[in-house]
Amino acid sequence: MTGFVGSLLRFIDDAGRQREFALEPDRQRITIGRSPQADLALPWDAEVSRLHAALEYLGAHWTIVDDGLSRNGTFVNGERIAGRRRLVAGDSIRVGTSLVHFLDYGGVVDDITRVSSGSLPTPRQLTETQRAVLIALCRPYKHGAGFASPASNQQIADELFLSVDAIKTHLRALFAKFGVEDLPQNQKRVRLAGLAIQSGIISDRDL
């Protein structure tokens with residue numbers, strides 16, 4: 001647990017309020033489900049199984065496990081998981097129609113988990129166009145939409161009246177500023193949008 005400061009799950013409840021669930025490493029298994037007995041209970045979501053998935057703390061890292069417990073599957077950054085998957089700061093977890101964000105504030109730092117709130121740019125460090133690109137990228141997540149994925153380059157280009165090549169250039173700069181440039185290509189956009197929203201750089205009001 002060396003270097004551990006704190007991790008949490010952030011989600012929107014059935015009343016539209018933002019809620020947070022603190023993860024403590026001494027409590028090494030957290031269940032997620034529709035059942036009131038689940039540690040993180042989502043009783044309002046009919047698409048969530050009574051016992052849907054679990055978070056387990058292994059070797060100084062949080063992992064998510066779905067060993068066929070759920071009827072509709074568990075998704076991390078839009079990909080359905082089978083078995084266990086390690087969580088990284090900024091990951092978005094979908095269970096049923098609910099979107100749960102995993103945040104790690106100063107957790108154990110290694111090459112994969114280097115992205116943390118301390119490495120994020122401030123709004124002043126973004127150009128006006130970069131901010132506009134970021135808002136367009138995040139727009140599908142308005143109101144905590146559970147099944148959303150980031151806008152495509154073409155959608156952003158159409159919204160901002162820019163070329164796709166220009167959008168790619170701005171996104172490359174944003175990937176670098178948010179410290180996600182070394183992630184696999186299919187994870188960069190999801191992680192960028194997640195970090196922008198969770199850090200408050202982009203708010204629901206912007207969308």
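Tutor: Ser 98 is buried, with a relative accessible area of 9%, where buried means under 20% relative accessible area, exposed over 50% and partly exposed in between (1.4 Å probe, protein chains only). Before going further, please keep in mind that this is a predicted model, in which local features need pLDDT of at least 70 and side-chain atom pairs count only at pLDDT 80 or more, while totals for chains, interfaces and linings use all residues. Residues are numbered from 1 along each chain as its sequence is written, and side-chain values use heavy atoms, with hydrogens and water left out.

Ser 98 belongs to strand β11; helices (H or I, at least four residues) and strands (E, at least two) are DSSP runs, numbered from the N terminus. The side chain of Ser 98 is joined to that of Asp 45 by a polar contact of 2.7 Å, the term standing for a pair of N or O atoms within 3.5 Å of which, within protein, one must be able to donate a hydrogen and the other to accept it, with residues adjacent in sequence counting only if both atoms are side-chain atoms. Once neighbours within four places in sequence are set aside, Ser 98 is in contact (heavy atoms within 4.5 Å) with Leu 42, Trp 44, Asp 45 and Ile 93. Val 48 is 50 residues away from Ser 98 along the chain, yet the C-alpha atoms of the two are separated by 8.2 Å.

The strand that holds Ser 98 is part of an open sheet of six strands with antiparallel pairing, in the order β2-β1-β11-β10-β7-β8, and two strands pair if DSSP finds at least two bridges between them. At the edges stand β2 (18–23) and β8 (79–80), each with a single partner strand, so one side of each has no neighbour in the sheet. Between β7 and strand β10 (residues 92–95), which run antiparallel, there are three bridges, and Phe 75 stands opposite Arg 94 in β10. Helix α4 (residues 185–198) packs on this sheet, where it touches β1 (7–12), β8, β10 and β11 (98–104), and the direction of α4 makes about 85° with that of β11; axes are lines fitted to C-alpha atoms, for helices over the stretch in contact, and angles run from 0 to 180 degrees between N-to-C directions.

The axis of α3 (residues 164–177) comes within 10 Å of that of α4, and the two cross at roughly 70°. On the α3 side, Leu 171, Leu 174 and Phe 175 meet Lys 188, Arg 189 and Leu 192 of α4. Both α3 and α4, together with α2 (153–160), are included in what covers the buried residues of α1, and in that helix, residues 128–138, the buried positions are Gln 130, Val 133, Leu 134, Ile 135, Ala 136, Leu 137 and Cys 138. The loop between α2 and α3 holds Phe 161, which at 76% relative accessibility counts as exposed and which has a positive phi of about 55° although it is not a glycine.

Returning to the sheet, Asn 77 is placed in the loop between β7 and β8. Asn 77 too has a positive phi, of about 50°, without being a glycine, but Asn 77 is buried, with a relative accessible area of 8%.

Ser 70 lies in the loop between β6 (61–66) and β7 (74–76) and counts as buried at 10% relative accessibility. The side chain of Ser 70 makes a polar contact of 2.6 Å with the side chain of Asp 66, and, leaving aside neighbours within four places in sequence, Ser 70 touches Ser 49, Leu 51 and His 52.

Strand β5 (residues 53–58) is mostly covered, with five of its six residues buried. Four bridges also link β5 to strand β3 (residues 29–33), again antiparallel, and there Ile 32 stands opposite Ala 53 of β5.

For the chain as a whole, there are four helices and 11 strands, and 50% of the 207 residues count as buried. Among contacts in the chain with a separation of 6 or more, 50% come from residues 24 or more positions apart.
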